[in-house]
Structure formats: C-alpha cells, structure tokens
Amino acid sequence: MEQRGCLTVRERTKWMVYVMVLFTVCGRVSAQVRYSVAEEVKEGTAVGNIAKDLGLDKTTLKERGYRIVYSSTEPPFRVNQDDGILYVNRNIDREEACDRSKVCVIELKTVLENPLEVHYVAVDILDVNDHAPMFPESEMMLEISESALPGAKFQLQAARDADSGLLSVQQYKLSHTEHFRLEVKDRGEDRKTPSLVLQKPLDRESVKTHVLFLTATDGGKPPHSGNMTIIVDVNDVNDNPPVFTKNSYNVNVKENSPLGTTVIQVNATDMDEGSNGEVQYSFGKDVDARARARFDLNPVTGVITVAGAIDFEDSGRYEIDIQATDKGAAPLTTDKPVVIHIIDVNDNAPEIEVTSFSRALSEDSKPGTTVALISVKDADSGLNGKVLCHISQDLPFLLAPSLQNNMYSLVTKLLLDREKQSQYNVTIVARDTGEPSLSSDKTIRIVVSDVNDNRPEFSQNPYTFYITENNTPDTSLLSVSARDVDEGSNALISYQMLRERREENLFSSFLNINSENGDITALKSFDFETVKTFQFHVVASDSGTPTLSSNVTVHVFILDQNDNAPVILYPVSSNGSAEGVEEIPRNVNAGHLVTKVRAYDADIGYNGWLLFSLQEVTDHSLFGLDRYTGQIRTLRSFTETDEAEHKLLILVKDNGNVSLSATATVIVKVVEPKEAFVASDVKSSTKADEDNNVAFYLMITVGSVSALFLVSIIVLISMQCSKSTDYTSKYLPEPNYDGTLCHSIQYRSGDKRYMLVGPRMSIGSTIAPGSHANTLMLPDRRGISGEVRLYLK
C-alpha cells in the first residue's frame, strides 16, 4: 500500500511539473514551479530538477550564484548548483510546518545574479499517516439519569489526530450496546465530534453502570486507531435539561483587548426545581487549549471574559462550546456553541526583506539597472495589511513595483559618478494604510565601483624649471607629478617622455624619466654658454582599460655658473700672452691715460662683471688703475729721478661666488718728447689696426714707401706739435667703453619677459632683494604698469 501511495505522489508531481513548464513555454512568462514531496522523507531526497523545468543553463548556475532565499532559519530544501536539482535539506514534519492545515505549501524564492532573476517554487508537503488518533483521556465517566428519554444526547470527548485530511480521524465506532448509539457531528476542518445517543430507556435497578468502548479510526492505509473507555453511571430522576435562551451566539472582539474585557454572557434555564434547576456553566469537552488560554467563563453568571492575549494573526475566529449543567442528582447538560470573531487592529508594522547584489554597482550603470529586490509583508489584514514603500532621501534610485504583490525592484534613475559620491546609504520606508499608520525602515549600503573615466591631471600646466649649468649626469634634475581621481589600477599613473623629432624637442633625447614617480634625470651636463633654454613634453597615462592619458609641456631654463675665467683682450703680445709695452712722454701731466686693459668673461651677471686691480707696480705713486674700467693713468708728473721703465701686473677677476681671474702685464716706458712723437704715430697706427686691419696695413705700406723721403719733414712737424699739441688727446679713452663686455639674453614665457644681462648696469638700475644678485629691476620705459624682471646669474 505504501509503495502504491508513493507512485501516486510521483505521478502527481510529474503531471504538475509538465503543466507548469507547458504554461511557461506557451505563455512566454516566468511561472511558478510547483512540486510535491511526502513529509518525513530522508535528507537528500530529490524533489525536482528546477534548472530543467525553468529552462536554465546548468553550467551557469554556480557562476550566477543560484541559491534559495529563505528566512533566518535553515531552509528545508537546497539547490545543487552543479545539476540544478532541488533536494530535501532536513527532516520535514508537516504537522510542525503547517499545523492542521489541509494544504501545506512551502514557498521558496530562488535567485540568480548577473542579471538578477527571481523564480518562485512551491512545494506541497504531502501528509503521511504517521500519527494515530488519541483521546484526551483514556477513560470517561458519564452520569445519565434513568429518567432520560430515548434520543437524549451526551457529547463525548473527540479524538485528535495530528495528521490532516483523509489521514485524520474519519470515523468513530462504539462497542455493541442496545441502550446507546453513536452520532458523529462533522464540524469541518477535520473536526468530528462524537455524541452518545440514548436509544432505549435506562433502568438503574437492572444495570447501574454501563461500560462502553469508543474507537476512533483515521483514513490511512492501513488505518490507525485509538480507544477510550466510557463508563456510564445511571442516576435517579432529573428529567429536564437546561435550555439556552438563544439558538446561537455570535460576537465580535477586537484583538489586543485588555484582560478582563467582557466578551458575551450566555444564559440557560432549567424547568426543574431545587438543585435540579440550578444551572452552572462550563467549557465543553471539545474546547481546545488555545481557546481556554484566551477566554475565561464564569460558571455562575455565564459571562465570558478575555483571559489572555488575543492576536488576530494567530486566529481570526474561535468557536467555543458552552455547557449548561443543572445540579440535580443526575445532572442534565445542554451545550451551545459561541462563535467569537476577532477584529483586526493595526498592531503589526510592515517587515522589509532585502535581497541585494553581493558586488558593488558600477558607476557606468545605465538608468534602470536593478540594484536590489525588496519584498514587504504585513501580518495584519485589509487596509491594515496594505503596504506602500518609498525611499526617504533624494537619491539617484527609485522603487519600481514588481508583478508580485508587495515586491519592489530598487533601480537606478540617474547616471552615477563615483568621484562625486562613492557609496549611498539608501533608506527604504514601508508604511501601511491602517489607522494609526505603522511604518518600518531598512537601510542598505550601495558601493559604487570605479570605471576609468578620468584622465590624469598634472599639478601644473605648463611646467617651468630653472636649473644650473654643469649639472651632474644621471641624477634627478626635476620632477613632474599628475593625479587621477579614479581609484585602483585606474589611478595608477605611469610617465613617459614624448620624443618628437622636432627642433624644439631635440634635447629630450638627453633626458630620462622615471615611469613611476615622474623624476627626470639628465644624461649629460648642460652648458649655459651652449644652450640657454629648451622644452619637451611628458605624457601621463593611467593603467585602466581603456588607458587614458594627458600631456604637459616642460620649459627648462639653464642658469649660469661661474665656470669661465676672464680672457684678456688687450694687451696681447704677438705670441698670445697678455703682455704689452706702452711708451709715454716724460712731460705728461697727472691724469694722463697710459692705456686701458680690456677683458672679456663668457659668463653673465656678477659672474661676468670684471674688476681690475694692481697686483705689482714699480712705483705706487706714479700709476693708478680704475677698478671698473681698467684704465691706467698717471698719478703725478714724472721727475728726472723716476726710472725710465715701469712694470705693472694687472689682476682681472670676476664677481662670482668663487671668483676666477686672469693677469696682464703692462710695461710702461718713459721717453723724451721727440721719441714720444714717433711712438705716438706708431701707437696711432696700432690703434687703427685694432679698429680696421685693412686700413692699418695700407697705412704701413704707404708709410714705409715714403718714410725716408719725409723723415725730415716728420721730425720738424713733431717738434712743432710737441709745443702746441696736447699729447694726452691721443690717449683719451673711447667714450662708450668701460672695460668689460656686456651680455644681454632675453627669454619669453607666456606673457612675461625675462632678460639675463651683465655686467654693465644702467644708471638707475637696482639689485632686487632676494634675487641673490641675479635680478635687476628695470623701470618700465613703455609706460605700462608693472615691472620687467631681469634674471642675472
């Protein structure tokens, strides 16, 4: 018989699955799959192939995290992610899961991710005959008056069977007796109440006690049964039972009514007199423990009051049998049902259940992307159980109702930007429509994951660096840095130099950049005298997919160092040494210009500003040297005692931090005025040579041809000139030359102009404070407000 029952269950399951799958295919909608399984089956029993019945790809179940979403308790079923079969996870007791309900269905919600899919699975728990009927007591005492008339009915205790449906109590059987018969009243909901009906008058003198056996049998195959012994004591005459004043009692009571609240009062009368007519009230034998715990009955007044917590969600209706019994020697009893309807009040707040993604939400998600699935429920009924949901804040999300009742999808309504907000705390509020309204809320945290949508940004654009010449190769020279507001690998920046084959980027081949930190090193040493400025381009790229990059122009200005010693331009001898001979007449006055030492320094600024000093001199009282112009002048007139030849050692040095210098030797010969005249002509020829070599050679040629012919005339002219001509005029300094050569180098960066100058300074120029003697502030001669900065090295 059990095997035949199991085959029937399998056939029913297979038929239901076929119907549901056929409905899904034909209707092109996702329908609920329904299975059935018997209670008490072993753990691991296969219930059905969900993946096959729903048309799911078994190979993606584990990847998409196919699972059952259940309450906090352990789910009774589990899904194997390898084959998609639904298995029994633990022992299932139908009576524990569904009490005595005729239909026991366990609703399951299965979820797949990426994309989010929800399927509903219903499993009918089939009852098996694992309980036998049981009476509350194994023996029942019943007192019946001998005057009881045939047809008198005596309610018996009903047997209870934890199983339901056909497996519950189906019939009662009374042992053979000629005085009684059994009558069974079907109350529905698997409730059958047996009553003992007198069919033949009793004679106490013949039989004082009747012993009967009542057997309750369920509908199982094979059936189970339970027995109760009924002992009937025959009492003497009390022949009028109590009679209730109403045929039926119905009353409404609000749930959560305070203890002691009056529910209803029943009333019964007895036509007998004395103790046989006094009525007392009690609960019927068939009143279950739940009703007895919630209501109390006054045995004298018949008032029913609230004795325990009344909850509409536990039960919305109670049917209580009230017995009215007289106090006769053989009490007579009449029973009447009282139906109590529980009125629901709004005492349960909505409950929110959230099924969300386990991973973060990408910031490039399109509007309408499903973030989470929200289900709400309210244990109340009617308007008290109707729930409305909304999001409490102004966020880029909204709740979209689902096809299922009380189901919502949390979806994006705007584009997200992780750089503006990387996470959201979304508070979902559920409020019912009862009076007063009750609400609950739940906050879920949504993390926005990064995508590579931002380019690196340099801290400056463009960069301008000033470096000194003679730098050490392969050492860090300068550094650039960029920042990416993305995160992770999207913000990991690498640097490289853009090596374009253009004239302005030629020097990039002499540079190397650290790809990780942007430090730039030079592969060679730069010389200010060779190159004064150059530029190159650096590219910063992130590590995202696809890679984003940006570039920046780097301007580099070379600053001068004092690495060039002064060079003597005059005097210079024929062999190249800085040595010269000057002849002057003995009759010159004080202040006479003997000669001028000229020098040049390739550096600029203070590094190229030259100063002259006398290191050695034969007679300090005779000659003086201007330290700025290099002019050598006589300090006094010559005397007869002065020597005819004087040696002057001139030191020329620059003004760098570490001063560099050169020396020149000037031999001054003092001659008589006539000799000085010839010498002056030679000197004039020498000066002409310096100014113009072609003219000098021409004059020498002409002079050589006519020298012998004109010697006498020249001597006469020179004698006349010595009397009337100021010899010093031949040795006057050049009007616009001060002894050092001036440098002027200009730079432009944007709308600013920079000039490197030195060493000559114009009148009115000042050294700018904090410039380390490298900046001259020149007055703006264009009439424009502001100033031009001149950077000196």
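Here are some friendly questions and answers about the predicted protein model above.

Residues are numbered from 1 along each chain as its sequence is written. In this predicted model, local features need pLDDT of at least 70, side-chain atom pairs count only at pLDDT 80 or more, and totals for chains, interfaces and linings use all residues, while side-chain values use heavy atoms, with hydrogens and water left out.

Me: How many helices and strands are there in the protein?
Reply: Helices (H or I, at least four residues) and strands (E, at least two) are DSSP runs, numbered from the N terminus. Counting such runs in the protein gives six helices and 54 strands.

Me: What share of the residues in the protein is buried?
Reply: Buried means under 20% relative accessible area, exposed over 50%, and partly exposed in between (1.4 Å probe, protein chains only). The protein has 793 residues, and the buried share of them is 43%.

Me: Is leucine 648 buried or exposed?
Reply: Leucine 648 sits in strand 48, which covers residues 645-653. Its relative accessibility is 0%, so leucine 648 counts as buried.

Me: Which residues is leucine 648 in contact with, leaving aside its neighbours within four places in sequence?
Reply: Contact means heavy atoms within 4.5 Å. As a look at spacing, glutamine 615 is 33 residues from leucine 648 in sequence, yet their C-alpha atoms are 7.7 Å apart. With neighbours within four places left aside, the contacts of leucine 648 are Leu614, Glu616, Val617, Phe623, Ile632, Ala664, Thr665, Val666 and Val668.

Me: How many salt bridges does the count come to?
Reply: Side chains of opposite charge can pair when their charged atoms come close. A salt bridge is a side-chain nitrogen of Lys or Arg within 4 Å of a carboxyl oxygen of Asp or Glu. By this rule, the count is 18 salt bridges.

Me: How far apart are the closest N and O atoms of lysine 153 and glutamate 183?
Reply: Lysine 153 is partly exposed at 45% relative accessible area, and glutamate 183 is partly exposed too, at 27%. The two form a salt bridge, and their closest N and O atoms are apart by 2.8 Å.

Me: Is aspartate 286 buried or exposed?
Reply: Aspartate 286 forms a salt bridge with arginine 160, with the closest N and O atoms 2.7 Å apart. This pair links distant parts of the chain, 126 residues apart. Arginine 160 is partly exposed at 32% relative accessibility. For aspartate 286 the value is 6%, so this residue counts as buried.

Me: Which residues do salt bridges that share partners join into one network?
Reply: Arginine 418 forms a salt bridge with aspartate 450, the closest N and O atoms being 3.1 Å apart. Arginine 418 is buried at 10% relative accessible area, and aspartate 450 is buried at 15%. Through shared partners, salt bridges join one network of Arg418, Glu419, Asp450 and Glu487.

Me: Which side chain does the side chain of asparagine 490 make a polar contact with?
Reply: Asparagine 490 is in the loop between strand 35 (482-483) and strand 36 (493-498), and at 12% relative accessibility it counts as buried. A polar contact is a pair of N or O atoms within 3.5 Å; within protein, one must be able to donate a hydrogen and the other to accept it, and residues adjacent in sequence count only if both atoms are side-chain atoms. At 2.9 Å, the partner of the asparagine 490 side chain is the side chain of aspartate 450.
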